[in-house]
Amino acid sequence: MKLERVLVTSAWPYIQHILHLGNLLPILSADVMARYYRLKGYDVLFVSGSDVHGTPIEVEAVRQGISPKELTEKNHERVVDLFKKWMISFDNYTTTESPVHKEFVMNFHRKVAENGYVFSQESELPYCPKCKRFLPDRFVEGECPYCGYKGARGDQCEQCGRLLDPTKLINAHCSICGSQPLFRKTLHWYFDLPKFADQLREYIANNKQFPDNARNFSLKFIEEGLKPRPMTRDSDWGIPAPFPGAEGKTLYVWFENVLGYISATIEYFKRHGDPDGWRRFWFDKDAKILCFIGKDNIPFHTIIFPALLLATHEDYNLPWNVSTNEWLNFEGQKSSKSRKIGIWIDEALKMFPADYWRYTLMANRPETSDTNFTWKIFLEKVNSDLNDTLGNFIHRTLTFINNYFDGEVPKPGRLDKIDREMLNAINEYFRRVDGCLSGFHIQAATKNVIDLAREGNRYLNEKKPWKTIKLDPQSAATTLYVSVQIVKALSVLLEPFIPSTARKIREFLNLPGKMQWEDAIVPLEEGHKIGKAKPLFEKINLSEEELQEMLEEIRALEEKVSFEEFSRIDMRVGRIIGVERIPRSKNLLKLTIDVGMADPKVAVAGISKYYRPEELLNRHIIVVANLKPKKIFGIESEVMILAAQHDDEIALIQPEKPIRPGSRVR
Ligand SMILES: [Zn+2]
Ligand SMILES: [Zn+2]
């Protein structure tokens, strides 16, 4: 069966943080396949986007004291820029806040409800008495009742992948304040998933492409009995639930982000003046929907997403494959932002070029079991595979042609057995890489490309053109003719994995930037003029410990405030012109301060333990004047006063002599 049209997608990353290398795997894998299909001449569209809704975002925004919108707009801009630097070739990378997405999702769910697959039901959900809010999914944490994992969330256990019900969590607590939640009644809307059990079982069992991990997990999931899934949340950050009576509730992220694959396709075609173009991917039966995900996302892509598509009665294409990666650990541990374990995608690029990482990640892609990122492996991949094997072979070949054949592909003489075997090997490796990629065995494909370069080195060492050039120049010409064909093949085969390097090799070879997959095995003709070759990689002469230190140094620099940020802080001299105790508060004073502006400013400061009001009156102090106002005990605090603290002692910072209020501190 020949593929002609493929929609390549990668799971939408939550962007409460910048991604770590493990989070990048589905995106990078999708990019490799999108590039491969484009080389094959298929009609390819590669879409994804930032998932800006959902509780991880809300939890992080609460932690940073900013709105979810502010947090996600800032991070979305950063990841868009980073994905460019990582050479991720999205056709459309959007967000779940896109108006096209929101409109599509609401219409979609209205349809699902009209078709009778949505019902409302009162249920008891965790409620934090201290935060005064319901605690949807990640707002509640506890111990997984199945595997005992301590950090399980209200909706899912990251460890065993099971979908959870917050009432089942052991020792549940609010993830913001740690309080034990109460269970309160609230009305929610449910998707009637059990109605699709038979169709889903058949869909999964008959799907030939699904990797074993996705198929086995999904069939077991159905066997254990499908339950109606809550679709709504008591949360105001998200897409409004479009059901009558559900005002004030939003859709659970997994009932909208997977629909982003469709809305991002719609958005792409709208932007390109072809508003119906998306239908070719989602309804034409020869089009394939290919999803790349991490293993915690399996049930949403093999169960919930297909069931939603079926629930429209509109004959949407269901995912054709769900290529699922296992976990990538860092030096044997799970990546964790708070514990500073792992490498983040911005840090990685500050250390080494994207292709070093792309190659290492794909050569170590966790396909059938978890794999481990270690500095040792990274050094091996970069120094031995990229530098010594690939870079060295290409550099030797091209430099030799430049030095001895005037930069022209030499005319071969009679081919001996070794030459013929080498030329056959190019075709053989081409077929192997092609076979691996078409079966989604990206790790094996990567290995085969490097093995071809390894064969090339072995061939050169056996033929020793640096000797034969003097004794038998015709033999040297044949050797270099054969070698340059390997370089040519590599310049195409490497494109999906390390596109910047592939482009450089094509520049050296004087070949066009755009190539077709089959060009890999079309020989360069004798007399073809090549360009000068430069080293493709730099050997890393650092130990594992030094690499870790380098990473930590980059991190430490990040944490420093830049001069620019510091100079944005508006510090001024103020004179305290009023002091009042704040009723009900033990430690707070309300200070009225003349800061040289038209109106005096108010500061709420926790210093009544240290100063009597009359002691403070008329003092000159230093304030930060351009902070966002903050309500404390019902009083708006507009400026902050500066003080030094040691244990239980406090000293206000004061100018050395009285100076006009409003004077800037520099
Ligand atoms: Zn578990
Ligand atoms: Zn709480």
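Modeller: What follows takes the labels one at a time. Keep in mind that this is a predicted model.

Colleague: What does the chain contain in helices and strands, and what does it span?

Modeller: The chain has 20 helices and 25 strands. Its C-alpha trace spans about 105 × 70 × 50 Å along the principal axes.

Colleague: How many of the residues count as buried?

Modeller: There are 666 residues in the chain, and 55% of them count as buried. The label needs a relative accessible area under 20%.

Colleague: What does Leu 226 touch?

Modeller: Setting aside residues up to four places away in sequence, Leu 226 touches Leu 193, Pro 194, Ala 197, Leu 200, Phe 221 and Ile 303. A contact needs heavy atoms within 4.5 Å. Take Pro 194: it is 32 residues from Leu 226 in sequence, but the two C-alpha atoms are 5.0 Å apart.

Colleague: And Thr 468, why buried or exposed?

Modeller: Its relative accessibility is 16%. Buried means under 20%, so Thr 468 counts as buried. Thr 468 belongs to helix H15, residues 465-471. Its contacts, leaving aside neighbours within four places in sequence, are Lys 463, Pro 473, Ser 475 and Ala 476.

Colleague: What makes Val 522 partly exposed?

Modeller: Val 522 has a relative accessible area of 44%. Buried stops under 20% and exposed starts over 50%. The value lies in between, so Val 522 is partly exposed. Val 522 is in the loop between helix H17 (499-508) and helix H18 (544-559). Ala 489 is 33 residues away from Val 522 in sequence and 8.1 Å away in space, C-alpha to C-alpha.

Colleague: What share of the contacts in the chain join residues at least 24 apart?

Modeller: The share is 73%, counted among contacts between residues at least 6 apart in sequence.

Colleague: How far apart are the centres of the positive and negative side chains?

Modeller: They lie 1 Å apart, with 92 positive and 90 negative side chains in the chain.

Colleague: How many cavities of 30 Å³ or more are there, and what makes a space a cavity?

Modeller: The structure holds two of that volume. In a cavity a 1.4 Å probe fits but cannot get out. Helix H2 (55-64) and strand S12 (250-251) each supply at least two lining residues.

Colleague: What volume does the second largest pocket have, and which residues are closest to its centre?

Modeller: The second largest pocket has about 810 Å³ of space. It is lined by 37 residues, and Leu 163, Leu 164, Asp 165, Lys 227 and Arg 229 are the closest to its centre. Strand S4 (118-128), strand S9 (182-191), helix H6 (212-223) and strand S10 (229-230) each give two or more residues to the lining. S4 gives the most, with five.

Colleague: Why is that space called a pocket?

Modeller: The word pocket is used because a pocket is an open set of points, whereas a probe in a cavity cannot get out.

Technical notes:
Residues numbered from 1 in each chain as written. Chains lettered and ligands numbered in written order. Predicted model: local features only at pLDDT ≥ 70, side-chain atom pairs only at ≥ 80, totals over all residues. Heavy atoms only, no water. Helix = DSSP H or I, 4+ residues; strand = E, 2+ residues; numbered from the N terminus. Buried < 20%, exposed > 50% of the residue type's maximum accessible area, 1.4 Å probe, protein only. Lys, Arg positive; Asp, Glu negative; His and termini not counted. Charge placed at Lys NZ, Arg CZ, Asp CG, Glu CD. 1 Å grid on protein atoms, 1.4 Å probe; cavity = no way out; pocket = protein on both sides within 12 Å on 5 of 7 lines; lining within 4 Å. Points joined across faces, edges and corners; volume = space filled by probe spheres on them.
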